[in-house]
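I opened this entry to keep track of what I looked up.

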Amino acid sequence: MSYTLIVAEVRRGVFEERNLDSLGLGALLGAQSVLLVPDGAYQVPDKFVDAIVKVKAAEEVYLNPMNMGRMLEAAFAAKGKPDNILFTQSSSGMEAAAYAAGLFGMPVITDVSGYDRDAGIFLKSYYSDKVFGQFKTAGVPAILTVRSGSFREFAAEKTAAAAAETIDAAAVETRTFVEYVEEEKTDIDITKAEFLLSVGRGVGNQGEVSGYEELAGILKAVLSGSRPVIDKMWLPKARQVGTSGKTVKPKVYLAMGISGAFQHIAGMKDSDCIIAVNKDPEAPIFQYAHYGIVGDIHKVRDKLKELAKG
Ligand SMILES: Cc1cc2nc3c(=O)[nH]c(=O)nc-3n(C[C@H](O)[C@H](O)[C@H](O)COP(=O)(O)OP(=O)(O)OC[C@H]3O[C@@H](n4cnc5c(N)ncnc54)[C@H](O)[C@@H]3O)c2cc1C
């Protein structure tokens, strides 16, 4: 049978919404679609696929890439080898996709966010969507990881609900899932702040951060930071702005000692008013700033405190 195998992701007993994008791309690819899910008590959208294969495995076991390899082998035994395998573009989806690509010698295209059906071309993003690459598979079965939010509108209802079959797959305990750890809850949500004072590596050391905290308090701003500041644990993770942190859009974004790497810019470029302070006049942040001060941030900090205190 010619078919697309859609590997669904389930978290804490919930069929993840991002799977709908894999269902949508599956529909665009045109072949029959088979959904692979761990067996469990949750709702599976059985009207959007032609068949369902349930694996007898807890979701944590299912997410282990080595087990996933065995489950895929079991699914192939039940349904034959698929034309393509779709994973979600999530950290576990990418992990499992990479392992499966190596195991089965299949080409992989990650972060697929577009598909030209006539040309058979997949679109994938580079540099936080600054550039897109177009890819074709060489007529061989491929593995694709599907970007969340890209294809869900193409998921098409079938006339009847898909039949499900349950399979066994021998699992190995190559790593043991311990527990899910919630993001630390804080009363501060930087995405809601109207005025963000964001500090970068330019602050120099942890001891200096309290001076910026004090300035933020005086200015009625919320303190956030670039990734190095969070990696060094000078500020909590919830305060990070950028592609691997939060996207913010405050009325005022005051960046002090931040160079303006694109991963940072992507998270704050839509702020209403960007003010940058940096000692390097060539720092890329100035290309995005409405106002800029070339100078030492500590001096500017102290001057601002002085002025604000009046
Ligand atoms: C996959 C990936 C994801 C990433 N995600 C993020 C992310 O979410 N957010 C993020 O911020 N980064 C992210 N990064 C890191 C990013 O590439 C940059 O390394 C980072 O943004 C640099 O932070 P910075 O500007 O604070 O430090 P630097 O680039 O080191 O810049 C420090 C700046 O401070 C200035 N400076 C130094 N001392 C002074 C002084 N006394 N007075 C005035 N200016 C001074 C310097 O001139 C310099 O411009 C990511 C990288 C990768 C690979």
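My notes follow, topic by topic.

**Ground rules.** I am working with a predicted model, where local features need pLDDT of at least 70, side-chain atom pairs count only at pLDDT 80 or more, and totals for chains, interfaces and linings use all residues. I number residues from 1 along each chain as its sequence is written.

**Layout.** I looked up the secondary structure first: the protein chain has 8 helices and 16 strands. Helices (H or I, at least four residues) and strands (E, at least two) are DSSP runs, numbered from the N terminus. The C-alpha atoms fill a box of roughly 75 × 45 × 35 Å along the principal axes. I then checked the domains, whose bounds come from an automatic or database domain assignment. Domain 1 covers 3–167 and domain 2 covers 190–309. Their C-alpha centres lie 40 Å apart.

**Burial and cores.** Of the 310 residues in the protein chain, 37% are buried. Buried means 20 or more other C-beta atoms within 10 Å of the residue's own, with C-beta atoms placed from the backbone. Next I asked for nonpolar cores, which are sets of buried Ala, Val, Leu, Ile, Met, Phe, Trp, Tyr and Cys residues joined through C-beta atoms within 7 Å. The largest has 42 residues, and Ile6, Val7 and Leu36 touch the most other members. Helix H1 (residues 19–29) gives this core its largest share, 5 residues. A second, separate core holds 32 residues, including Val222, Val241, Met268 and Ile274.

Beyond its neighbours within four places in sequence, the contacts of Ile6 include Ser22, Leu23, Gly26, Leu36 and Leu86. Contact means C-beta atoms, placed from the backbone, within 7 Å.

Strand E8 (residues 121–126) and strand E9 pair in the antiparallel sense over 5 bridges; pairing takes at least two DSSP bridges. Tyr126 has Val131 in E9 as its bridge partner. The hairpin has 4 residues between its strands, and Tyr127 in the turn shows a positive phi of about 50°. Is E9 buried or in the open? Of its 5 residues (131–135), 0 are buried, so E9 lies largely in the open.

**Ligand shell.** The shell has 26 residues, and the closest are Gly200, Gly202, Ser226, Arg227 and Gly242. Helices H6 (227–231), H7 (262–265) and H8 (297–309) each supply at least two shell residues.

Key: Near = placed C-beta within 6 Å. Buried ≥ 20, exposed ≤ 12 C-beta atoms within 10 Å, placed from the backbone. Contact = placed C-beta atoms within 7 Å.
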